[in-house]
Amino acid sequence: MDNQKKNPAKTWKIISIVLAVALIAVSCTWAITANTSQPAKCDSDTSVSESVDKADGDKTEADALSLWTEKAPLKTELTEYIKTITDKDSKDFIPVENRIAVFDMDGTLCCETDPGYFDHKLLYHRVMEDPDYKDKASDEEKATAARIKEYFDTGEYPEDLGVAHGKAVAAAFKGMTVDEFDAYVKAYRDQPAAGYNNLTNGQAFYKPMLQVIEYLKANDFKVYIVSGTDRLITRGLAEGTVDIPLSQMIGSDESLVATNQGDEDGLNYTFSKDDKLVTGGDFLIKNLKMNKVSVIEQEIGVQPVLAFGNSSGDFAMANYTITNNKYKTGAYMLCCDDTERENGKVEKAEKMRKNCEENGYTAVSMKDDWTTIYGEDVTRK
């Protein structure tokens, strides 16, 4: 019957109302979600996130000093030290501007036993082997070179050779521009290391120690090399390997003058547009022992909190660092005790360990603390 049939208009009206309500509900849900900055996390999610962050942090610490064995005292001490002094809530927190670390170079960052200091090998080459200079070398320079050869052969370093060597370097390279001197140093730097396969003089840097420098830099330390080697030679050798500015590489000094200066005192001469800066031929200071302390104050102006060395010439720098310092400090001394991967001297290393015990330094064993020295592809001849 007609009165029992459904009304189509009424049916579509109901459907329209249902769809409108659904559309409004979806729109409200989207708006709420879009205006929520972060979805709520359950406790289990937070716990997992914190665990992952901690794991990543531990991994970063391990990777930073990955070339150090797990039992190495420096690795343990330094990682704990960094955690403490970078924590603003710690009583041992050190402001960034006071995070200063000083490193000796020869024997601390790079090899000094193949067969001796890089700057001594350089001078010997200049005076005795360089075809462009050996016939021009003075008797005094040759006498110093002969003493250097004796040091190479015996391994014993005469007390007064340091100053004699400094004077000979200044004389043998007199008149070179700074750029020419730098190029000469780098050319010799790129020569093969005498006692090793797959290694040049310039590659003979200790990889674990380079890791320490990068680790400190990553934690806002300003790192300086404070070396007994001539400043210009230090820069020429370390540039490109030790990733710090040249202005943070300090060494022994020789005079620098203008090409047209002649015998005029620097107070009476003005550098002109026609001048170049050249080595003046005068040795000024050997940067060892107390002289390292003086130059740190003069050039850095901030007492270091960490010091790294390998010989008695570094003790003054280490003592200055750890004595009367308002911040937490540390001093580390390398012991060249590896006779397989390096030209180690066990007796000398044992003496250094005793010095460390007596003076409050931490001894670093090349043999026991490092998984590699120069890299796995480098072998002794």
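Helices (H or I, at least four residues) and strands (E, at least two) are taken as DSSP runs and numbered from the N terminus. The structure is a predicted model, in which local features require pLDDT of at least 70 and side-chain atom pairs count only at pLDDT 80 or more, whereas totals for chains, interfaces and linings use all residues. Residues are numbered from 1 along each chain as its sequence is written, and side-chain values use heavy atoms, with hydrogens and water left out.

Grid points are joined across faces, edges and corners, and a volume is the space filled by probe spheres set on the points.

The largest pocket has a volume of about 1,200 Å³. Its lining comprises 44 residues, of which Tyr 117, Tyr 157, Ser 311, Ser 312 and Lys 348 are the closest to the pocket centre. At least two lining residues each are supplied by α4, α5 (139-154), α6, β3 (222-230), β7 (330-335) and α12 (346-359). The contribution of α12, six residues, is the most given to this lining. By class, the lining of the largest pocket contains 15 nonpolar, 15 polar and 14 charged residues, where Ala, Val, Leu, Ile, Met, Phe, Trp, Tyr, Cys and Pro count as nonpolar, Asp, Glu, Lys and Arg as charged, and the others, Gly among them, as polar.

The second largest pocket holds about 200 Å³ of space. Among the residues lining this pocket are Asp 114, Lys 121, Tyr 124, Glu 129, Lys 149 and Phe 152. Both α4 and α5 supply at least two residues of the lining, and α4 gives the most, with three. Six nonpolar, two polar and four charged residues make up the lining of the second largest pocket.

Two cavities of 30 Å³ or more are present. The largest cavity has a volume of about 80 Å³, and its lining includes Cys 110, Cys 111, Asp 114, Phe 118 and Lys 121. Asp 114 and Lys 121 also belong to the lining of the second largest pocket. The lining of the largest cavity divides into seven nonpolar, two polar and two charged residues.

Two or more lining residues come from each of α6, β3 and β4 (249-258), with α6 providing the largest share, four residues. The classes here are three nonpolar, four polar and five charged.

Two packed helices are described by the angle between their axes and the distance between the axes. The axes of α4 (residues 118-129) and α6 (residues 161-172) come within 10 Å and cross at roughly 50°; axes are lines fitted to C-alpha atoms, for helices over the stretch in contact, and angles run from 0 to 180 degrees between N-to-C directions. The angle therefore makes α4 oblique to α6, given that angles under 35 degrees count as roughly parallel, over 145 as roughly antiparallel, 65 to 115 as roughly perpendicular and the rest as oblique. In the contact (heavy atoms within 4.5 Å), α4 contributes Asp 119, His 120, Leu 123, Arg 126 and Val 127, and α6 contributes Leu 161, His 165, Ala 168, Val 169 and Ala 172. These residues comprise six nonpolar, two polar and two charged.

Technical notes: 1 Å grid on protein atoms, 1.4 Å probe; cavity = no way out; pocket = protein on both sides within 12 Å on 5 of 7 lines; lining within 4 Å.
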